[in-house]
Amino acid sequence: MKITFIGGGNMAGAMIGGLISQGFSASDLYVVEPDESRRAQLSREYGLTSGAPDGALPASDVVIFAVKPQQLRQVAQALAPQLNGALALSIAAGVRVETLSRWLGGYGRVVRVMPNTPALVQAGISGVYAAQGVSAEDRAAVDRILASIGKVVWLKEESEMDGITAISGSGPAYVFYFIESLQAAARAQGFAPDIARELAYETVAGAMKLAAQSDDDAATLRIKVTSKGGTTERAINAMDNSQVRATIIAATQAAAARSRELGDELGRDTEV
């Protein structure tokens, strides 16, 4: 499978590293990147070939658009004549399949992906939606590519991508926010910064490992830790009184609403 990346940023780098670790050959990967130092870095790290945007695209089975959403219209319109039947895969947040298809001159083989930042350590999860022109073979190719950076969830309706963005796309930031808060709480208890960091990080990492390996759901695991009349119960009651759960739900709803707004804005025929 010959894959060309349009854009060589962090997510593209994560995918390239994952693909190579899964047995892909660097000779089958190509990166188009305007920053010369970034091209050199990718070549050093992975041994692949890269080029500037003004060059011709090599023959490819898959072209992955890994540029900023605001740049994608111009990039897609410029490269549309060079796709030559390749599967077009976009990881640009907010850009809908119909929008990218239009920018590519009515191109049918378009797949939209929302990865998340744990892809940088091959522990991500990607939501995927495909246009009707995408075949079963195309879907298998997408699975093979995305498996290199984590797990994959296929969506039946593109509107579900706003929820994916709100939960898993933005979700790592919520977890980091909690870790940051737990670390601050440890500092408030008088612990030194390095101890506070270790307590917060290892507690979250250990709880996640326990949850991943347990047959119990999160609610059951929480109940098992919460003894009646104990310290944990008092802490959970304080969170409930502060409506922490409702706030988290409201936060994800706000993120999903913003995702829908971005899709509308980016899909307009005028530049944004």
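What share of the 272 residues in the chain do buried residues make up? The figure is 38%. Buried means under 20% relative accessible area, exposed means over 50%, and partly exposed lies in between (1.4 Å probe, protein chains only).

## The model

This is a predicted model, in which local features need pLDDT of at least 70, side-chain atom pairs count only at pLDDT 80 or more, and totals for chains, interfaces and linings use all residues. Residues are numbered from 1 along each chain as its sequence is written, and side-chain values use heavy atoms, with hydrogens and water left out.

## The whole chain

The chain has 11 helices and eight strands. Both are DSSP runs, numbered from the N terminus: helices are H or I with at least four residues, and strands are E with at least two. The C-alpha trace spans about 70 × 40 × 35 Å along its principal axes.

Contact means heavy atoms within 4.5 Å. Take the contacts between residues at least 6 apart in sequence: 60% of them join residues at least 24 apart.

## The annotated domain

An unreviewed UniProt entry places "domain: Pyrroline-5-carboxylate reductase catalytic N-terminal" at residues 2–94. UniProt positions are given in the numbering used here, feature names are shortened, and annotations may be inferred rather than shown by experiment. Over residues 2–94 the chain is 37% helix and 20% strand. The end C-alpha atoms of this stretch are 26 Å apart.

Helix α3 covers residues 69–79. Its buried residues are Pro69, Leu72, Arg73, Ala76 and Leu79. Seen down the axis of α3, they fall within an arc of 155°, so they line one face of the helix. The arc is that of the directions from the helix axis to the C-beta atoms. An α-helix has 3.6 residues a turn, so residues three or four places apart point the same way.

On the other side of α3, Gln70, Gln74 and Ala78 are exposed. What covers the buried residues? The cover includes strands β1 (3–6), β4 (62–65) and β5 (87–90), along with helices α4 (97–103) and α11 (244–266).

## Leu79 up close

Leu79 lies in α3. Its relative accessible area is 8%, so Leu79 counts as buried. Leaving out residues up to four places away in sequence, Leu79 touches Ile6, Leu57 and Phe65. Leu79 and Ile6 are 73 residues apart in sequence, yet their C-alpha atoms are 9.6 Å apart.

## Two positive phi angles

Most residues other than glycine have a negative phi. Asn84 has a positive phi of about 50° although it is not a glycine. Asn84 sits in the loop between α3 and β5. Buried or exposed? Asn84 is exposed, at 71% relative accessibility.

Gln243 also has a positive phi, near 60°. Gln243 is in the loop between α10 (231–241) and α11. With a relative accessible area of 53%, Gln243 is exposed.

## Side chains of note

Asp264 lies in helix α11. At 44% relative accessibility, Asp264 is partly exposed. Which side chain does Asp264 join by a polar contact? The partner is Arg96, at 2.9 Å. A polar contact is a pair of N or O atoms within 3.5 Å; within protein, one must be able to donate a hydrogen and the other to accept it, and residues adjacent in sequence count only if both atoms are side-chain atoms.

Arg197 lies over the face of Tyr201, at 4.0 Å from the ring centre. A charge sits over a ring if NZ of Lys or CZ of Arg is within 6 Å of the ring centre and within 35 degrees of the ring normal.
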